[in-house]
Amino acid sequence: MNCRQMVGGIFCDLHEAFGCINHAVLLEKLKFYGVSGKFYNLVKSYLDGRYPKVIISYSNVIESTWEKIKKGKPQGSILGPIFILIYINDLPKLAPIGTKIILYADDTSIIVTSPNLENYEKQINKIFRDINYWFKLNQLVLNYNKKHYLQFNTKNSRENVLKLNYQENYVKSSPHTNFLGLIIDDSLLWKAHIDQMMPKLNTACFVIRMMQAIMSTETSRMAYFAYMHSFMSYGIILGGNQPYNEKIFKTQKKVIRIITNSKMRDSCTELFQRLEILPVHSQYIFSLSTLVIKNKRLYNTNNQIYNVHTRFKTNLHPPIANLTKFQKGVYYSGIKIFNNLPHNIKDLANEITLFRNALKRILLINSFYNSEEYFNYQR
């Protein structure tokens, strides 16, 4: 989108994927990926030789015949996600230039980019036909009730009505979709995600309030991390700098006052520090900075771009940003936040544990409530 291209996504869900894995196909794919010998025979014996039957009544002897299981995985097996990933691992090879296929267990997402509408429609329809044909060959079925199409838009871009279908099975065009617990909207504002999160946070707030009278401060703090922090921090790198986060911050401050038995108008800065809990925006800074150093290979430093030695030579080099939406995105925001860190913390970037500990100390001491406080911080 930052390059003025059209971007759309098809978010797919497989119908009973774990029960549709064909054993013969899976074993052939294991061979293709180099699995052989004892391990191959072990997997084969694990899948083969299973014969179930159903008994409805012992007294009247109503029962089915024994039938060999040729599909699916054994119940209770932790190998299911591994098997499904191996089974669909070759699917991304269908993606042409300008298309990316992202796999996560039985969730398949296709992202299509194109500079113009005509090419975009051809490209997205072609990849949609190709993946449907691939799933058919591999004896898998898409769940059309859980499949959504999103066309991502900027404020000034024009929405185009596009109907995707395969053999009269239509994909729902939607302004938002649920992907791995995140509500992704077509404007990437994350308002829908925050709105669906708020009832969970309010419930956590209510539970902690009800239990506070019989719990110690430490136990209440543990309850906070179990029931509130886990929801609040999931996906925070994506929408942590959006204005809608103010709702989360207000609820967070309410819980902090409940845990410390403070009054409604008491300042929370000292309370955050005492409990060693990061305000939501400080948590955003912590999570995004950690993501950056774990993926430093995706970034360039200034001295890699310019052959000039300055005091900012080890800072990450920001790309040209044509859209405000891109500036607020994970990649660009991560660069800005990392570059604003104190030099002694940036120097620890190759030691992740030391980096995280030093950064958390700084964030706990300062308890930044918003971006302005962080970028005005005197290092």
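T99 is located in strand β4, which covers residues 99–104. In this predicted model, T99 is a buried residue, because its relative accessibility is 11% and the cut-off for buried is under 20%.

**Surroundings of T99**

- Leaving aside residues up to four places away in sequence, T99 touches I110, I111, V112, Q123 and I127.
- The side chains of T99 and Q123 are joined by a polar contact of 3.0 Å.
- F272 lies 173 residues from T99 along the chain, and the C-alpha atoms of the two are 44 Å apart.

**The five-stranded sheet**

- Strand β4 belongs to an open sheet of 5 strands, arranged in the order β4-β5-β1-β6-β9 with mixed pairing.
- The edges of this sheet are formed by β4 and β9 (172–173), each of which pairs on one side only.
- Helix α4 (residues 117–137) packs on the sheet and touches β1, β4, β5 and β6. The direction of α4 makes about 155 degrees with that of β5.
- Strands β6 and β9 run parallel and are joined by 2 bridges. Within this part of the sheet, Y149 stands opposite S173 in β9.

**Strand β1 and its partners**

- Strands of a sheet pair through backbone hydrogen bonds, in either a parallel or an antiparallel sense.
- Strand β1 (residues 6–13) pairs with strand β5 (residues 107–114) in the antiparallel sense, over 8 bridges. D13 faces D107 of β5 across this pairing.
- The pairing of β1 with strand β6 (residues 148–152) is also antiparallel, and it extends over 5 bridges. Here G9 has L150 of β6 as its bridge partner.
- Is β1 mostly covered or mostly open? The strand is mostly covered, with 8 of its 8 residues buried.
- In a regular strand the side chains alternate between the two faces of the sheet. On one side of β1 the buried residues are M6, G8, I10 and C12, and on the other they are V7, G9, F11 and D13, so that both faces are covered.

**Packing of helices α1 and α3**

- Two packed helices are described by the angle between their axes and by the distance between those axes.
- Helix α1 (residues 23–32) packs with helix α3 (residues 80–88) at an angle of about 70 degrees, and their axes are 9 Å apart. The two helices are therefore roughly perpendicular.
- The contact brings V25, L26, K29 and L30 of α1 together with F83, I86 and Y87 of α3. By class, the residues of this contact are 6 nonpolar, no polar and 1 charged.

**Residue N339**

- N339 is found in helix α13, which covers residues 330–339.
- The relative accessible area of N339 is 14%, so this residue counts as buried.
- The side chain of N339 reaches the backbone nitrogen of L316 at a distance of 2.8 Å.

**The chain as a whole**

- The protein chain contains 16 helices and 11 strands.
- Of its 379 residues, 42% count as buried.
- Taken along the principal axes, the C-alpha atoms fill a box of roughly 75 × 60 × 45 Å.
- Among contacts with a separation of 6 or more, 67% are between residues 24 or more positions apart.

Conventions:
Residues are numbered from 1 along each chain as its sequence is written. This is a predicted model: local features need pLDDT of at least 70, side-chain atom pairs count only at pLDDT 80 or more; totals for chains, interfaces and linings use all residues. Side-chain values use heavy atoms; hydrogens and water are left out. Axes are lines fitted to C-alpha atoms, for helices over the stretch in contact, and angles run from 0 to 180 degrees between N-to-C directions. Helices (H or I, at least four residues) and strands (E, at least two) are DSSP runs, numbered from the N terminus. Angles under 35 degrees count as roughly parallel, over 145 as roughly antiparallel, 65 to 115 as roughly perpendicular and the rest as oblique. Contact means heavy atoms within 4.5 Å. Ala, Val, Leu, Ile, Met, Phe, Trp, Tyr, Cys and Pro count as nonpolar, Asp, Glu, Lys and Arg as charged, and the others, Gly among them, as polar. Buried means under 20% relative accessible area, exposed over 50%, partly exposed in between (1.4 Å probe, protein chains only). Two strands pair if DSSP finds at least two bridges between them. A polar contact is a pair of N or O atoms within 3.5 Å; within protein, one must be able to donate a hydrogen and the other to accept it, and residues adjacent in sequence count only if both atoms are side-chain atoms.
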